[in-house]
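Hi,

Here is the structure I promised to pass on. Please open it first; my notes follow below.

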Amino acid sequence: MTNTPAFPTGTILGYPRIGRRRELKKAVEAFWAGSLSADDLEATAAGLRQSTRERLAGLGLARADSSIPESFSYYDQVLDALCTVGAVPTRFAGLVDADGRIDLAGYFTLARGEGEHAPLEMTKWFDSNYHYLVPEIGPETDFRLASDRIVREFEEARAAGFLTRPVIVGPVTFLLLSKPSDGAPADFQPLDRLGDLLPVYAALVSRLAAAGADWVQLDEPALVSESIETPRAEVLGAVEFAYATLGRLAERPAIFVAAPYGSLDDALPVLAGSPVEAIGLDLVRGSIPAAVPGLSEKTLVAGVIDGHNIWRGDLAGAFDAAARLLDLSPNVAVSTSTSLLHVPHDVEDESSLGADLKGWLAFADQKVGQVAALALGLADGRAAIQPVLDAATAALEARRTAPGVRDGAVRSRAEALTEADFSRGDYAIRLAEQDKALGLPLLPTTTIGSFPQTGEIRRARAQFLKGTLTADEYRDLMRAEISRVVDLQEEIGLDVIVHGEPERNDMVQYFAENLDGFAVTENGWVQSYGSRCTRPSILWGDVSRPKAITVEWSSYTQGLTAKPVKGMLTGPVTILAWSFVRDDQPLGDTARQVALALRDEIADLEAAGIGVVQVDEPALRELLPLKKKDHAAYLDWSVGSFRLATAGVAARTQIHTHLCYSEFGVVIDAIRNLDADVTSIEAARSRMEVVGDIQSHGFDHGIGPGVWDIHSPRVPSVAELTELLEVAVAGIPARQLWVNPDCGLKTRGYEETVASLRNMLEATRIVRAEL
Ligand code: GLN
Ligand code: ZN
């Protein structure tokens, strides 16, 4: 590179791709269903990209200076990078042409599986609720520039009058997020292939230069995360090598390396010493770095607008942070801290949120406006945007003192808590009392809570919402469903009965709707993975429980059976993780408030005669901070909030928890500290890996390693279930073991549910007889 083009003064790292009305979701699903052709899907996608560019320009990002990122994806950005560099695993070889290219149908097969093709594994993207697809890289991976989609999208924009900035996952992050392919030697690491991957990135970058791109954005979030297993020195060496290699190219656009989700720490000097032209800093999670050699020659892209939450926030503070970077480099630009992928499109699409609350919020479009304003301030001086800063400060002030944000009763209760409120007392005593109270057999059988959500259930809920079904009619329909589900469980022979959760739209939103301090949106959809979107609730004020939530349903259920019924609640950490949470106090304080509301709910369940209560915490692992130094504080408040919610019960009441994932070893200490009487977790896919974890780390409470992988409609055979149970019994004392599926059955159909549960019970009988 000879002349570096100027970096735009304001930009964002990425924009939601699903569409304001989830147009992309609908089109993609229509394509899967066969009712939309590939050409029509591409036309819809092109239309969406064009309206996004127009919208971003309308909100203040310039058309012709690379400030608009081209961050579209049909499904996932890691999958896109995989297809771009030709890294389709050999097990999908039949889907790829001679040049390594894969068509749209094949692309979706990688993501979703089809016939004999199991999909790529999916996992959480850093500490967000977005999931990416995990590339499988081995010595056999034949890297080549197999897709020019990124170039074509750049050209498409250009033809429409926009000079955009193409975005792709950077080479180091791509390999660090990959796993070794099945046949790879034991000592192989995907990062070993960096030298072979870089020529492909080089080819891509050169193609972009030839097409006229001034800037390209390479996302390297893996550099901020300490949960990457590769030794740090190797990561830093890879960064140095990668950007020296790409930087050396004669024909290339200027390179912007973005590092969202945390501070770069020791990776910053490496990037500062490399030939890249711009570095993105997440100043929401991280702080202003110290000066390091080379930094003053880079454009510093100040990620001061939070891409991870929905608050309008402290705009003046954000401006000051960006301005302070001017001490480090004369070239500073304003940006979001992460892609706006994690937030909904537009506050203006919400008609039922209160005017006050709306004034405190900024969704993607409002955040773009904030970026544009701050960029103007950097260029023309603070005075030029003083009114905008003042308006945001006034909204913040109003929020501080608005009714509901601080509730004296909630606060004094939280302040009065003592050590004893977090502790249930001796496990041995609890165990003895629970044995007496519940009278369960060895290897007790149960499910995780939900039963299939049928079309009828969804229709009834929709009609109730519309008002065409009265509350009484709705309740009767749900009760009929519960009664059916109880009969079914009795008939199959399960030991601990659930009500099936028919009345819940979603395990978090249901509680948000029934607690004070939360609001729910109409159009606040956020991509979770592929075409799957969630609508997180907004936790804006102090949380309290106006009245009992689940007690009526659970006691109705208990009235139908002589067997113990398990009450079902979502835990405080998961409620926080899957909502947009207030940013004006520590998460731990908010978790405590939610915990106290749940504690009251559990007390009411107990008083109503419910002897088993499950508090689900599938998000415990997800919120684990990216930096190790933050782990202890996180585990302290997260585990503490679970204990606070559950420690109010008598010794005879059995507390269960459920964690979806199988990385038991990673969080074993935390799970032990939850002090639940019984923990159910995923184990079928990992073939009972957890048994080894328990043997090596030790765990003496009840444990239900899931034997049936409920993520697919496949019915496991009695033989296969028996074998899994035998593995469990061989490694864990039978006294501790429970028998259950991996997760809730909400997304399954009845046919496979009944068949699988029958097989599960049959396998249990066989293994009990062998004890
Ligand atoms: N109790 C919930 C259910 O069965 C748990 C769901 C989950 O773990 N994600 O649906
Ligand atoms: Zn689960």
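This is a predicted model: local features need pLDDT of at least 70, side-chain atom pairs count only at pLDDT 80 or more; totals for chains, interfaces and linings use all residues.

How many of the residues of β16 are buried? Five of the five are, so the strand is largely enclosed by the rest of the structure. Its pairing partner is β18 (residues 612–616), joined in the parallel sense over five bridges. Within that pair, L569 sits opposite V615 of β18.

**Helix α19**

Helix α19 covers residues 551–558, and its buried residues are W553, S554, T557 and Q558. Viewed down the axis of α19, these buried residues fall within an arc of 130°, so they line one face of the helix. What do they pack against? The partners are α17 (471–492), β16 (566–570) and α21 (587–607).

**The seven-stranded sheet**

There is an open sheet of seven strands with parallel pairing. Its order is β1-β5-β7-β8-β9-β10-β11. The edges are β1 (69–70) and β11 (332–336), each of which pairs on one side only. Helix α12 (residues 364–380) packs on this sheet and touches β10 (299–305) and β11. The direction of α12 makes about 170° with that of β11.

E70 stands opposite P166 in β5.

**Ligand 1**

Which residues come nearest to ligand 1? Of the 13 around it, they are I448, G449, S450, P618 and G744. By class, the shell holds six nonpolar, four polar and three charged residues.

- R22 is not a glycine, yet its phi is positive, at about 55°. R22 lies in the segment before α1 (23–33). Buried or partly exposed? R22 has 18 other C-beta atoms within 10 Å, so it is partly exposed.
- L443 is also a residue other than glycine with a positive phi, near 50°. L443 belongs to the loop between α15 (427–438) and α16 (455–466). With 22 other C-beta atoms within 10 Å, L443 is buried. The cut-off for buried is 20 or more.

Best wishes

Definitions and conventions. Residues are numbered from 1 along each chain as its sequence is written. Chains are lettered from A and ligands numbered from 1 in the order in which they are written. A residue is near a molecule or strand if its C-beta atom, placed from the backbone, lies within 6 Å of it. Ala, Val, Leu, Ile, Met, Phe, Trp, Tyr, Cys and Pro count as nonpolar, Asp, Glu, Lys and Arg as charged, and the others, Gly among them, as polar. Two strands pair if DSSP finds at least two bridges between them. Helices (H or I, at least four residues) and strands (E, at least two) are DSSP runs, numbered from the N terminus. Two residues are in contact if their C-beta atoms, placed from the backbone, lie within 7 Å. Axes are lines fitted to C-alpha atoms, for helices over the stretch in contact, and angles run from 0 to 180 degrees between N-to-C directions. A residue is buried if 20 or more other C-beta atoms lie within 10 Å of its own, exposed if 12 or fewer, and partly exposed in between; C-beta atoms are placed from the backbone. The arc is that of the directions from the helix axis to the C-beta atoms.
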